[in-house]
Amino acid sequence: MPEITKAFLALPTFFLLPLLVGLGLVAFVETLLKNKKVFNSIVSKDISYSIICLLTGIFFIELIAVISQILHFDLLLRNIGYLVLFMATLGTIHLRITRHDAINAHIWSSIKKHIIPTSFIVFFSVIPFLIKTLFTPPPFTTWSSWALPIAHVQAVLRLLNHGFFNVTQRWMEIILTAVSCQLFNIGYPEFFSYSGTLLVTAMLSLGTYALTYCLSSKISMSLLSGIISIFLNAPIGFHEIPVYHFKSNTILISLYPWILLLVIDLSLIHISEPTRPL
């Protein structure tokens, strides 16, 4: 199978596996504390709950990798992808057992409501990526330099082949890319970085859609803002544009509207709480 094909197939695992790990961790904490409303009392929406779980999963995976590097657990780092898959599987099983009714009652109903507009957004997210391929053949990064992401690729290969990475580097794209590349047997991480720009573009657009829907409760307006955000973030020549670069900066940019949505949810809950007399 061509490397670029395997890279596209591996894209969903970049955020899906941390989300499943985070869901399992949050469910485990709530079970341990014998209180299934620990995090439900913090946020009011299922999507905000999922954002907390995603960030928790990313932080936990990065923490394990950094601690393993400090303690020189080379074998664990060389198999970081299988370890994350194992944790995600345990998290999914635990979540399925403890939250079966909640998943069927709330999450699936929300997915059915927004499946059509989000599908349109994902479809339109492909257009800037296809335009990029006209100027930049895979696996190069930008049309202006036609350069390989050498530092990023070397860091991923060192992690998978030798169980080592520099803790002073940016961790997110290195560790999570290594996880996806190992699980799909991608020998050239530059192809995953090339296709990863499609992932961060879609995440940014979907986050804009979710944020607009939170503020307006109108699907048509949310769909329009999500589609517009795809093309407003695709000018040629800039270095922090998701459609052209797959690195920590653009990954964080793609998560920004989701985090802003979480902040709004937290603010609304704080405002709705009755003030206590002094």
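The model is predicted, so local features need pLDDT of at least 70 and side-chain atom pairs count only at pLDDT 80 or more, while totals for chains, interfaces and linings use all residues. Residues are numbered from 1 along each chain as its sequence is written, and side-chain values use heavy atoms, with hydrogens and water left out.

The salt bridge joins the side chains of K6 and E3, with an N to O distance of 2.9 Å. Both residues belong to helix 1 (residues 3-10), where a spacing of 3 residues separates them by about one helical turn. Helices are DSSP runs (H or I, at least four residues) numbered from the N terminus. K6 is buried, at a relative accessible area of 13%, and E3 is buried at 16%. Buried means under 20% relative accessible area, exposed means over 50%, and partly exposed lies in between (1.4 Å probe, protein chains only).

Helix 2 covers residues 13-32 and has 20 residues. The expected span of a helix is 1.5 Å times one less than its number of residues. For helix 2 this gives 28 Å, in agreement with the 28 Å between its end C-alpha atoms. The buried residues of helix 2 are T13, F14, F15, L17, P18, V21, G22, L23, G24, V26, A27 and E30.

A nonpolar core is a set of buried Ala, Val, Leu, Ile, Met, Phe, Trp, Tyr and Cys residues joined through side-chain atoms within 4.5 Å. The largest such core has 53 residues, of which F14, F15, I61, V84, F165, F192 and I251 touch the most other members. Helix 9 (residues 189-216) supplies the largest share of this core, 10 residues. Another core, of 6 residues, lies apart from it and has L23, V26, C53 and L95 among its members. Leaving aside residues up to four places away in sequence, F14 is in contact (heavy atoms within 4.5 Å) with M172, L176, T177, S180, F192, L199, F246 and I251.

The structure holds 8 aromatic pairs. Rings of Phe, Tyr and Trp (its six-membered ring) pair if their centres lie within 6.5 Å; planes under 30 degrees apart count as stacked, over 60 as edge-to-face and the rest as tilted. F129 and Y194 form an edge-to-face pair, at 5.7 Å centre to centre and 70° between the planes. Because F129 lies in helix 6 (residues 100-135) and Y194 in helix 9, this pair ties together parts that are 65 residues apart in sequence. Both F129 and Y194 are buried. F192 and F246 are likewise paired edge-to-face, at 5.8 Å and 80°. F192 lies in helix 9 and F246 in the loop between helix 10 (219-232) and helix 11 (248-272), so the parts tied together are 54 residues apart in sequence. F192 and F246 are both buried, and together with F14 and F15 they form one aromatic cluster.

Most residues other than glycine have a negative phi. H72, which is not a glycine, has a positive phi of about 60°. H72 sits in the loop between helix 3 (46-70) and helix 4 (74-78), and is exposed at 59% relative accessibility. N185 also has a positive phi, near 55°. The loop between helix 8 (172-183) and helix 9 holds N185, which is exposed with a relative accessible area of 60%.

Definitions and conventions: Helix = DSSP H or I, 4+ residues; strand = E, 2+ residues; numbered from the N terminus. Salt bridge = Lys/Arg side-chain N within 4 Å of Asp/Glu carboxyl O.
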